[in-house]
Amino acid sequence: MGGQQSVPEDLEQSVEVLSTVSDDIVHREDTPLFAAEIGSELQKQFAILPGGRGINGSPVMVFPEFPAFSELEEEEVQSVLGYLTSVPSVAASGEGFILVIDRRLDRWAAVRATLLRIAGSFPGNLHLVLVLRPNTLFQRTLSDFLFKFNKDEFKMKVVMLSSVTELHAYIDPGQLTTELGGTQEYCHESWISHRTAIEAFALMVKTTAQTLQAFGTELAETELPNDAEATTSLLQTHSLKKDTMKEDLQVALSQGGRLLECINEPLQTDPDYSMTYDELENLATVQRLMGQLDETETAFDDFWERHRTKLEQCLQLRHFEQHFREVRSQLDATSERLSGFSEVSVNPAHAEHVLRELSGHESKACDILDHALSLASEGDRLIENSHYAEDSIRPKCSELRVVCDEISSTLRSKKNLLLRAMELHHSLEKASRWCEEGIFLLASQPVDRCQSQDGAEAALQELERYLDTASLHTLADRSAICCQFEGVLTIQLRDFVERVFQKQTSVQEMFEKRRVSLKKLAAKQTRPVQPVAPRPEVKSPLSSPNQQRKERRYSADNVICKKAESPVHNGGTRHASLSEEEENLAVLRRHVMNELLETERAYVEELLCVLEGYAAEMDNPTMAHLIPNTLLSKKDVLFGNMSEIYQFHKRTFLKELEAYTDCPELVGRCFLERMKDLQIYEAYCQNKPRSESLWRQCSDCAFFQECQKKLEHKLGLDSYLLKPVQRITKYQLLLKELLKYSKGCDGCDDLQEALTSILGILKAVNDSMHLIAITGYEGNLSELGRLLMQGSFSVWTEHKKGHAKVKDLARFKPMQRHLFLHEKALLFCKRREENGEGYEKAPSYSFKHSLSMSAVGITENAKGDNKKFEIWCNSRDEVFIVQAPNPEIKTSWVNEIRKVLTQQLQACREASQQKSSDPVSPSQTSNNTTISLSPFRSNGQKNQKKQEEKKVEPSTISEVNSSPKYKGWNKASLSVDASEENDGYSSGEDPMNSDPEDDIGKKLAPGKYTVVADCEKAGPQELSVKSGDMVQLIREGEEGQWFVKNLRTSKDGWVAAANLLSLISESKSSQSLSSSDGSVSGNLSTSSSCSETYTSYSDIKP
């Protein structure tokens, strides 16, 4: 059996809603009653529901004058009151009922009995009971007196009224009937009739919904038959049931229409008629049912159309499969008959007979092949029409075509072999006939005639003439015949060929003997004897020696020419191959560019669609009633700066991208020019969590559903609000593709720079998303400068009090902290649990601590762990040991902090240089060149001011023998155990803390140095050195270049001074770098555990 299909969600949802709405009308858990069931009780009219409402919206139930109220059965009263309380909506019933008991013509005893009965049996919530007390003086006085004593036993709020005027103070006259002094017209008969009709209609709708559900389930669970007849029968059965269902729907719709006319009848007769609340609820209920019926009918029609299409496709499939089986059997029979035809023939007559039969079979086979190919084409049409069984049809179509090709090929092959066999037979037959005619010629020559010279010459000429016809009738080469007719040569034919060749040889020998005899006879008759030269053999001109020499020479010349041409040819091939490769890359670039432009245009259209279809509709007065209160005045929150993004892409970016259509490798320039504009996405992404939260609150409101319906969008607004985030991330993927196909092109560098910039924007967006999640920071985060990096680390803290080092709260386990590195401060935060969904799952960070970047220093390696580093301040009074997840993250953070400190140091130096009028110049000694590493005052200047005596003296760098682990001009990594307190530098005068560009002239001097890292030259005039080489700095040139000689290779060249600082170390017998005053406060170890510590300029006091 075939597969099943599922009931579509739209039909299932429509039927479920339809059933639910009808349930609300025809069934309540408390009172499963219908007006038709208690019609006689309702006709007594001892309690009515005219449809009025109190001031607070409570339904008004009236108990008219009914002297026999006390004689009513309890069940009768319970049924009527239970039914009446179920008529108003749940919301209205929840406010509680207001009962108006009219007993103006009755006695106090009846009033008391009525109140007690209502208090004990009323099934709904009671808000207020208003009693119009008896009008007679005695009964009024009696009721006033006794009510005060008996009101507690009623257990409900009862108000005794003397007249309808007092009643109007509690209920508006427009909500009361004329009997109670109001203006509302009420007909009890009409009310009962309307309720009965509405309940009957609701019951019909419920039944229709259940029937639709059952029929839809039946259709969905129906398995597709495996034969055409059953499929046709099933299609007819389902079509009849569908027509019945359509009739039921039409009947329900017709009844609903009549019911609406009945409800609206007062409005048609009196346009100023004001409907009661109950009438309005009835009208809304019927309209809702009608609308739901329409939607259900549409959903059912769509589902039926898909079901019918599938059944029709199933029928087409069964016909196709049936025809396939028939055609396949015919093809098998044709192939089998074809295999019975032998391509081998015994004689020409047999070959002709087989060929005639094969031709007849070919005409029949062609009809079958045409039928099969037509069936395959029919299968292709089914596939083109999106047939559900494409995976079953396609292999059958392929199989038919393959079998047809095989049969056609076999037919051609057999026919070709038979034709060649006939050709061989005719050739053999012709050769054999020539032999027989030759023998007959030899036998027919009379001996007596050959005795004379003339007779012998005539006979000889006759033989010569016959021999001249040999080339036209005989077989020339046995091997050529075997090769030519190899496919048809059977053993019998080979024997026949051999016999024919033997016969030809015998006949030719006989002719040769006769020629010799005839020549002798002709020679004997001649007087005097004159020798006759033998007739020269006719040779082909191609066999002459001169001609052969010419051919050999021509052949040799051709070989030489080919050899001479071959390099050119190969070069041309390489050039063609290179051009082909470039063309392929150009095609790929154009493909990526087309994708960029097409997706950009689609993106712009989607943004416009959202702005016009949703954002603009929020300002549309006709849609205002659909907008929930939580969404009012929140358009900027929901859409962020999407309008600004749209304007930029529509007016600027798309047009500029289109300008690079023909040169996609240069599109990087467009991105670079608009990189600042693309930063508008940062604001959008920062607003996304707020937008997501607002959407989550209002996603089910009617406004969004109506907008989506108008736009005919399959996806909701939230999917389109995500488009800008997806777009900014898409650019880097497209740029990567373009860069991959643009190596060596003009715009390659621009593409790389554009890619780097886009990735920078994405990083900034990601960082900002974390930044806005920080809570508890009292200052302004924007004052801390640009956010450079952020990430999670394990952190230990240590505080030094006097000379004792104490761990913070004896903390041995690390604290988990999320660090935010700004240009001016480093924040320590605690990451909180992630809650919510979507963007609301973003973590939050509680602020814990901050360090000003103007007061910190770093130690690159701590505790012998390559993932740890130290951040400290106030001369290590407070130390933070930070452990990164891996060494790579640690290295990136250390480099970034070092960059910040270096920039601060540079700013400090510039400020100090402006104050200092006589900067220190380098001084030289006999063998050592001493260079000042600090731009500040020397020792002599320090002695002039006592307040500068606490300055930390600079350290000396001794020779570093550790081997570099990488190539390049970067400084070799140094490490230290952070537990050794004095191993790190705490002064800004530390040479490793100084800015390289500012200290180039002071750090470097002519002399010999040892290279500690490999460096390949980047230009023709630059020098290449390897680790361990001894180099000599000769002189300093322009633009920060030094002329350097490699003493090992005796080569010289120029090297950038900034690179020399990280490339060379001092020679043991050469110079050392020390401070200007020559004093040393601490030395770095010569082992590889030497630490490299950076500090800020705050620890340096000029």
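I shall go from the overall picture to the cysteines and then to one hairpin.

This is a predicted model, in which local features need pLDDT of at least 70 and side-chain atom pairs count only at pLDDT 80 or more, while totals for chains, interfaces and linings use all residues. Residues are numbered from 1 along each chain as its sequence is written, and side-chain values use heavy atoms, with hydrogens and water left out.

The protein contains 29 helices and 21 strands; helices (H or I, at least four residues) and strands (E, at least two) are DSSP runs, numbered from the N terminus. Of its 1102 residues, 43% are buried, where buried means under 20% relative accessible area, exposed over 50%, and partly exposed in between, with a 1.4 Å probe and protein chains only. Taking contacts (heavy atoms within 4.5 Å) between residues at least 6 apart in sequence, 73% join residues at least 24 apart.

How many disulfides are there? The count is zero, a disulfide being a pair of cysteine sulfur atoms within 2.5 Å. As for individual cysteines, C366 is partly exposed, at 32% relative accessible area, whereas C908 is buried, at 12%.

Finally, the hairpin. Strands β18 (residues 1041–1046) and β19 (residues 1051–1056) run antiparallel and are joined by six bridges; two strands pair if DSSP finds at least two bridges between them. One of the residues involved is K1045, whose bridge partner in β19 is D1052. Four residues lie between the two strands, and S1050 in this hairpin takes a positive phi near 60 degrees.
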